[in-house]
Amino acid sequence: MEKIRNFCILAHIDHGKSTIADRMMELTGTVAKREMKDQLLDSMELEREKGITIKLTPVTMQWKGYTLNLIDTPGHVDFSYEVSRSLQAVEEAVLVVDATQGIQAQTLANVYLALEQDLKIIPVINKIDLPAADVEGVAAQIINLLGCSRDEIIEVSGKTGQNVDKILDAVVNESVLFNSRGVGNGVRELNSVDFVKALIFDSYFDDYRGVVLYVRVFEGEICKNAEILMMAAGTKGLALEVGVLTPKMTPREKLSKGEIGYIVTNLKTTREAKVGDTVTLVKNLASEPLPGYKNVLPFVYAGFFPVSNDQYKELKEAIEKLSLSDSALRFEPENSPVLGFGLRIGFLGLLHMDIIRERLEREFGLDLIVTNPSTNYEVLMANGEIREIKSAADLPDVSEIAEIREPWVKGEIILPKSMIGNVLNLINEKRGRQTNLSYIEDRAVINFEAPMANLLTDFYDQLKSATSGYASFNYELNGYRVEDLVRVDFLVAGHKMDALSVMAHRSEADAIGREVTKKLKEVIPRQNYEVALQAAIGARIIARETIGAYRKDVTVKIHTGDRDRKAKLLEKQKRGKARMKRFGKIDIPSEAFTVMLKRD
């Protein structure tokens, strides 16, 4: 037990976590040189393409007689749930800070998560080999944040491998075994424990093998072919294979106390073994489960519709498969008069949505229309009932509503001092309120509150523009507030398009109406007759654009200058256009449903 160390790597996005993990695997001989490639733990094609980690990945290494279990975690705010899950399976966290960028918003958020779990934090400055590296400046920021001493900070280069061995030595020397989690003290002999407790920190469905669980064993041992029980779900299964990841699956006879590994089960769906559940043995039942994870709730919703309705079944099956390994995904069927059958899916943020969309299109070959993302609202009815609506189309009749509450977020932006003015203006534009302004060395930290809906579309892009890419942003949900909200509908040729409806603050509704009708005019193709595009709040039209008709010259076949014959033909054309207008069906392209994603 004393020879096992469990740790994870925490950092802001693009600060070099996966590169340091690569060097660790090289140093410990876990992966042969010929099999080595950059970002080895980022196995998903999308991860390698975008250069970001999306899924947490465990790996077991050997170093100086110790077994080291590393969990590589994502750095983007949308995947912070993956980080919080990793932290409960380990005792130590290696905090990586980029020497050229210093402490960023997600670095702060991850430090708070690690401190909540009472983990030992090992501070590391990465990319010291770069010409722009400011090692002393960044070290001062870390000392200011953690209160550690200067000689505790390890300076490394993930690219060249310089000093990475010092991180491994620090992990081996400084571990605090089984700290304040109340799950043992590392002193008792394994034989004295007559029950088994293991925490599921991730799971996925393998088409050929069934459900595979990633677990951390806190008490006892799990042997191959043992009969296991998921305590929260109450489901029983068989441990068909147990082993560790190096990083490929390496079978073992058993997983013992303190180890991190995998269990291949005979379960058919991950709903039977949810992330955060406790695994125990049927013959050695634990009396009470380990503290699990808090349920994570999505707060960005978007409608996903297949371009062809024949693909609806494939879309549903694909989302079910993805939700097996992504417990943050929530979905329900949705039907639109224009788009047909689809799914309304909940996400943790816009990047999360983008990744899922790309995975559906690439891995499952689906052609999708994604409607404008929205957040969920609470509606207090006149009779006192509280309803939750996920899109503007679900809003009940205005006469039955007492008040509408929208979700607000607490945000934190870290940026250079010289750019504070631009960012404060941007926050005000989004109906946000600055709550605090503090400084870490040469950087400012702005704390603010803002409505979630206003940060959904292109806030991050605008923030990057306003700060030349130097700002970093982190947020969390901060309850619901009563606001003067209205539903803005869009009509195409007099037909209301529910899929385009949006919720907006009354003060912003007119501007949104004008902006969206202008954009729709650009993406909806011209017809043989005039098409009116309108934005409306209830029965009141607030904006209008007109798509002009194609003009066909019907008088071209008349070779004489007879006015009566020309007038007769033009009148006939006019009647035909009026009839077309009455019965004509406008084919709305998929771009029309995404015009609100980017408002610039």
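**View A. Arg216 over the ring of Phe218.** In this predicted model, Arg216 lies over the face of Phe218, at 4.4 Å from the ring centre. A charge is taken to sit over a ring if NZ of Lys or CZ of Arg is within 6 Å of the ring centre and within 35 degrees of the ring normal. Residues are numbered from 1 along each chain as its sequence is written, and side-chain values use heavy atoms, with hydrogens and water left out. Local features need pLDDT of at least 70 and side-chain atom pairs count only at pLDDT 80 or more, whereas totals for chains, interfaces and linings use all residues.

**View B. Lys3 over the ring of Tyr66.** Lys3 lies over the face of Tyr66, and its distance from the ring centre is 4.5 Å.

**View C. The aromatic pair Phe304 and Phe347.** Rings of Phe, Tyr and Trp (its six-membered ring) pair if their centres lie within 6.5 Å, and planes under 30 degrees apart count as stacked, over 60 as edge-to-face and the rest as tilted; by this rule there are three aromatic pairs. One of them, Phe304 with Phe347, is tilted, at 5.7 Å centre to centre and with 40° between the planes. This pair links distant parts of the chain, 43 residues apart, with Phe304 in strand β16 (residues 300-306) and Phe347 in strand β18 (residues 340-347); helices (H or I, at least four residues) and strands (E, at least two) are DSSP runs, numbered from the N terminus. Both Phe304 and Phe347 are buried, that is, under 20% relative accessible area, where exposed means over 50% and partly exposed in between (1.4 Å probe, protein chains only).
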